[in-house]
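Please look over the sequence and the model below before reading on. The paragraphs that follow start with the whole chain and then turn to single elements and residues.

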Amino acid sequence: MRNTFAKLFAHRIHLISPVLTPYRSKHCLPKRTLRMNEAFLRYEKGNDLFDISFRYVDEATKVDRQFNFSRQAAESVNNFLKRIDTNVCKFVNKKIERKRKKNAAAVEMPDLSNDNVKTGKIMLLKNDVKVDGDTLCQSLLQDSAELKLIIFEKTFLVKRNSPYIIRMSLPSSILAGFPTYPSKLESLYTDIKKSTFDWYKNDSINNKPNLWTHISNGYLYVPNVTDIGCHLKVNCEPRNESDSGSRMEVESKNVVEAGPGQCPSDIRHQFTKHKLSGRSFRIISYNILADTYADSDFSKDVLFPYCPQYALDMDYRKQLVLKEIIGFNGDIICLQEVDRSIYEYDLLPSLYMLNYDGVFVTKNEISEGLATFFNQDRFEKLRFEYSIMAQNVDLPKFAAIWSKIDNDKMKERFLARNTTIQVTTLRSKENRSEILIIGNTHLYFKPDSDHIRLLQGFYAVTYIHDIAKRIREENPECNVSVLLCGDFNSVPECGIYQLMTENYVPETCEDWKSNAEEAIKNISLKQDLCMFSACGTPEYTNYTPEFSACLDYIFYERDKFVVEQVVPMPSKEELTLHTGLPSVVFPSDHISLCADLKLKE
């Protein structure tokens with residue numbers, strides 16, 4: 001568990017059919033199945049509390065009950081055992097009393113007494129020797145000796161820190177033809193890749209909701225048309241390198257629904273059927289439209305009134321986003337407007353299972369941010385860093401420009417932005433002497449802010465250039481190459497494109513005057529990275545009825561790479577079929593960029 005995803009887990013770790021009436025199971029809540037004769041102990045050194053769970057089964061009283069305890073590590077073994085005694089006896093005695101009320105003559109079993117610790121019917125063994133009642137639990141929690149819990153002649157082997165699922169659910173929207181998975185999966189001591197996942201569907205169409213059929217294995221499942229109208233269930237056994245834990249299963253709240261049919265991304269995937277190798281790699285840049293911007297009355301009524309509300313829901317859109325990303329078979333994926341929860345519970349775990357790792361940073365206090373993923377089969381991460389531009393204007397080359405600007409109102413506006421540049425340094429596993437510096441950013445969006453964006457673009461390219469220079473000094477034997485991706489919110493006619501591709505923006509650039517009160521005078525910019533746009537300047541990378549233009553780019557060093565393929569963009573007919581983006585077939589108001597690059601010899 002050396003990667004980002006494993007560390008994350010260790011710390012925690014609608015299209016409505018008019019025909020079908022969704023069957024809502026009483027068992028939608030997660031159900032944990034503990035193995036009999038095992039007690040699961042969870043404790044981290046230094047914590048004040050420990051947790052223990054076991055399944056108590058008694059055939060005579062027909063009791064089959066899971067007990068969970070959270071206790072103070074500093075308490076005595078006797079106090080701990082007395083709590084078990086009280087809870088188990090209370091439950092069993094209630095069961096006996098209910099049976100007496102139903103049939104007094106048939107039930108002759110006496111109540112259980114509450115002195116079972118004193119009489120030795122409930123006790124704790126260490127290496128098969130009874131533990132003294134005055135012993136503190138803490139001393140046993142840090143001991144590697146074998147522990148056994150005895151409850152009324154039933155022996156439970158105590159397993160320390162076995163793989164354990166804290167919670168798990170299935171998405172509220174599940175579409176045929178699109179990947180689904182256990183969402184909000186949190187676990188402890190678990191390697192998700194080593195864990196097993198079994199998928200089932202029921203037969204609610206024929207009024208047999210409790211009849212479940214096994215349909216697949218694995219973390220990701222793509223429902224097919226025969227699953228439409230059925231509920232799904234997933235059963236997970238958490239595992240790590242040496243152990244397995246108690247199973248948990250959960251049923252979907254809603255049935256599988258018909259998907260939107262063929263999406264434009266399916267056509268684009270015809271160009272990315274095969275993964276690349278050697279000196280070639282595939283890179284993607286995509287603003288996926290954060291839920292925080294789509295899930296508001298303003299978005300639904302003003303920005304995207306043409307888009308059905310169910311298609312704006314993130315539970316719907318994330319299925320389309322994930323299918324699109326997976327289908328590109330990319331090696332490096334730069335995403336913008338990524339909600340933290342979508343990164344942690346959806347994108348990272350799903351892509352991790354396909355052997356990607358990722359890095360994420362929010363834009364200061366905002367819940368959305370930037371995410372970069374890379375194929376671990378092909379790259380290893382050397383380092384990751386980021387900068388919130390407004391908080392680091394002392395970046396040397398940028399500071400020299402900043403000090404010459406005398407418009408305080410402009411400076412105030414720049415400093416109020418939370419724009420961030422994220423940089424990931426990757427080494428090629430196939431060509432160890434090749435190091436890639438991957439920049440990912442999302443610049444300010446207001447229409448009257450070309451001057452702000454131009455400074456932000458200059459900051460981004462200066463920041464990544466400084467990192468590349470440092471990496472070259474640390475690795476003189478390696479070839480270090482730069483790529484800068486993102487949503488620049490800037491059309492090719494503006495200064496950013498000129499700065500990136502021509503290396504220079506003069507003081508006469510129109511961008512400096514995009515806001516009269518914030519105009520910047522007598523400032524020119526120069527940068528040293530010789531770059532082109534891998535996908536050129538397509539007519540649209542963003543398309544709504546009110547505004548459409550090329551705003552997104554994958555900039556690359558033209559003396560380091562050659563472009564082998566640019567995945568074709570959707571046609572205008574596809575973009576306008578549902579008025580604009582997003583739509584039932586486009587999950588974002590932006591279009592993804594995808595290109596194949598090759599490192600020059």
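How many helices and how many strands does the protein have? In this predicted model, the protein has 14 helices and 30 strands. Taken along the principal axes, the box filled by its C-alpha atoms is roughly 100 × 60 × 50 Å, and 56% of the 601 residues count as buried.

The chain is divided into domain 1, which covers 31–160, domain 2, which covers 164–256, and domain 3, which covers 264–599. Between the centres of domain 1 and domain 3 there is a separation of 55 Å, taken over C-alpha atoms.

A pair of helices can be followed next. Helix α12, made of residues 450–474, packs with helix α13, made of residues 495–502, at an angle of about 25°, and their axes are 9 Å apart. Since angles under 35 degrees count as roughly parallel, α12 and α13 are therefore roughly parallel to each other. The crossing in which α12 passes α13 is right-handed. On the side of α12, the residues that make the contact are Arg453, Leu454, Gly457, Phe458 and Val461, while α13 brings Gly495, Ile496, Leu499 and Met500. Sorted by class, this contact of α12 with α13 holds six nonpolar residues, two polar residues and one charged residue.

Another helix to find is α10, which spans residues 396–402 and holds Ala399.

Towards the end of the chain, strand β30, residues 593–599, contains Asp596. Asp596 has a relative accessible area of 5% and is buried, because a value under 20% is what buried means here. Which residues surround Asp596, once its neighbours within four places in sequence are left aside? Asp596 is in contact with Leu276, Phe281 and Arg282, and also with Val562, Val563, Glu564 and Gln565. The loop between α14, residues 572–576, and β30 is the place of Pro582, and the peptide bond that joins Leu581 and Pro582 is cis, with omega about -5°.

Two further residues deserve a look for their backbone angles. Tyr189 is not a glycine, and yet its phi is positive, at about 55°; this residue is found in the loop between β10, residues 183–188, and β11, residues 196–203. With a relative accessible area of 18%, Tyr189 is buried. Asn489, likewise not a glycine, has a positive phi of about 50°, and its place is in the loop between β22, residues 479–487, and α13. Asn489 is buried as well, with a relative accessible area of 15%.

Note on methods:
Residues are numbered from 1 along each chain as its sequence is written. This is a predicted model: local features need pLDDT of at least 70, side-chain atom pairs count only at pLDDT 80 or more; totals for chains, interfaces and linings use all residues. Side-chain values use heavy atoms; hydrogens and water are left out. Axes are lines fitted to C-alpha atoms, for helices over the stretch in contact, and angles run from 0 to 180 degrees between N-to-C directions. Helices (H or I, at least four residues) and strands (E, at least two) are DSSP runs, numbered from the N terminus. Angles under 35 degrees count as roughly parallel, over 145 as roughly antiparallel, 65 to 115 as roughly perpendicular and the rest as oblique. A crossing is left-handed if the near helix is turned anticlockwise from the far one by less than a right angle, and right-handed if clockwise. Contact means heavy atoms within 4.5 Å. Ala, Val, Leu, Ile, Met, Phe, Trp, Tyr, Cys and Pro count as nonpolar, Asp, Glu, Lys and Arg as charged, and the others, Gly among them, as polar. Domain bounds come from an automatic or database domain assignment. Buried means under 20% relative accessible area, exposed over 50%, partly exposed in between (1.4 Å probe, protein chains only).
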